[in-house]
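Trainee: I would like to learn how to read a structure, feature by feature. Please show it to me first.

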Amino acid sequence: QDKKDLKGKKILITAGPTREAIDPVRYITNHSSGKMGYAIAERALDRGAEVLLISGPTNLKAPVGVNKIDVNTTNEMYEAVLKSFEWADVVIKSAAVADYRPAMVAENKIKKDDNDFSIKLVRNPDILKELGKRKKDNKILVGFAAETQNLFHNAKNKIQNKNLDFIVANDLTKEGAGFKSDTNIVTIIDKNGQTKHYEKMPKIDLAEIILDKVKSLLIEE
Ligand code: PMT
């Protein structure tokens, strides 16, 4: 496919996990590989968009031509995304963001003893929610939802709470969906309640479908 139907559009994509340090050798994170977000970046670039990829730590290489900013923590991702929010016509938030971080990062490696040990966690900012607050009508905001239960209910709440145009909800209970795999199984729900389920497919094909939906919303304006 070599249509350049996103030419002139500026698309900000987040991908991968965020990572929150406990001490110099340990951290809290999740299973995101970045594959979903990098696939969207690749297809958006091929379709002519200007692409900014803000990525947590992954083993993936960004396609040549994609502008990439590397971040580690949720706060770093927050800063980087907010800085470029004005620039972007479209924001697609496929990153799996750590909602909590240790209240304190120990300066030295924490030594074990015979006692149990607990870590106090504090809330991280909700990046997408903040974007939703600042969003003006001419921007398109796309979220993801990774759920293990009440997928539809939670995804619909996220559309409202975060002021999204649509959400891509992965059903993490299904084999071949969500984290790490080359495929995904999702339901796309938009702010008008229109809902469509997609059977298992490669993430690169799903990226195309997500961008088709973005494109149709850009035309509606
Ligand atoms: O990277 P892969 O291995 O390919 O896996 C893909 C994926 C499963 C990571 C991806 O498809 C996905 O679902 N990404 C979102 C995962 C997630 O964190 O979902 P959530 O339901 O916790 O968050 C909802 C939305 O709010 C997401 O768009 C998330 O980026 C955003 N968010 C969440 C928390 C937070 N503090 N700030 C945010 O912006």
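Trainee: Where is glycine 48 placed?

Mentor: Glycine 48 sits in the loop between α1 and β4 (50–55). This is a predicted model, in which local features need pLDDT of at least 70, side-chain atom pairs count only at pLDDT 80 or more, and totals for chains, interfaces and linings use all residues. Residues are numbered from 1 along each chain as its sequence is written.

Trainee: Does glycine 48 count as buried, exposed or partly exposed, and why?

Mentor: A residue is buried if 20 or more other C-beta atoms lie within 10 Å of its own, exposed if 12 or fewer, and partly exposed in between, with C-beta atoms placed from the backbone. Glycine 48 counts as partly exposed because it has 15 C-beta neighbours inside 10 Å.

Trainee: Which residues does glycine 48 touch, not counting residues up to four places away in sequence?

Mentor: Contact is judged on C-beta atoms, placed from the backbone, that lie within 7 Å. By that test glycine 48 touches Lys4, Asp5, Leu6 and Lys7, leaving out residues up to four places away in sequence.

Trainee: What order do the strands of the open sheet have?

Mentor: Two strands pair if DSSP finds at least two bridges between them. The open sheet here has eight strands in the order β5-β4-β1-β6-β9-β10-β11-β12, with mixed pairing. Its edge strands, β5 (67–70) and β12, each pair on one side only. Angles run from 0 to 180 degrees between N-to-C directions, and axes are lines fitted to C-alpha atoms, for helices over the stretch in contact. On average, neighbouring strands of this sheet are turned by 20° against each other, direction ignored. Helix α1 lies across β1, β4, β6 and β11, and runs at about 160° to β1.

Trainee: In which sense do β1 and β6 pair, parallel or antiparallel?

Mentor: β1 (residues 10–15) and β6 (residues 90–93) pair in the parallel sense over four bridges. Within this pair, isoleucine 13 stands opposite isoleucine 92. The antiparallel sense is found for β10 (residues 166–171) and β11 (residues 183–190), over five bridges. There, phenylalanine 166 has aspartate 190 as its bridge partner.

Trainee: What do β11 and β12 form?

Mentor: They form a hairpin with four residues between the two strands, and glycine 193 in the turn has a positive phi of about 90°. β11 and β12 (residues 195–202) pair in the antiparallel sense over six bridges. Isoleucine 188 stands opposite lysine 196 in this pairing.

Trainee: Which residue other than glycine has a positive phi near 75°?

Mentor: Lysine 180 has that value, and its place is the loop between β10 and β11. Lysine 180 is exposed, with 10 other C-beta atoms within 10 Å. Asparagine 163 also has a positive phi, near 55°. Asparagine 163 lies in the loop between α4 (151–161) and β10 and is partly exposed, with 17 other C-beta atoms within 10 Å.

Trainee: How many residues surround the ligand, and which are the closest?

Mentor: A residue is near a molecule or strand if its C-beta atom, placed from the backbone, lies within 6 Å of it. Here 25 residues surround the ligand, and the closest are Ser33, Lys35, Ile127, Leu128 and Phe144. Ala, Val, Leu, Ile, Met, Phe, Trp, Tyr, Cys and Pro count as nonpolar, Asp, Glu, Lys and Arg as charged, and the others, Gly among them, as polar. The shell divides into ten nonpolar, nine polar and six charged residues. β9 gives the most to this shell, with four residues.

Trainee: Is isoleucine 127 buried or exposed?

Mentor: Isoleucine 127 is buried, with 25 other C-beta atoms within 10 Å. Its place is in helix α3, and it touches Met77, Tyr78, Val81 and Val97, not counting residues up to four places away in sequence.

Notes:
Contact = placed C-beta atoms within 7 Å.
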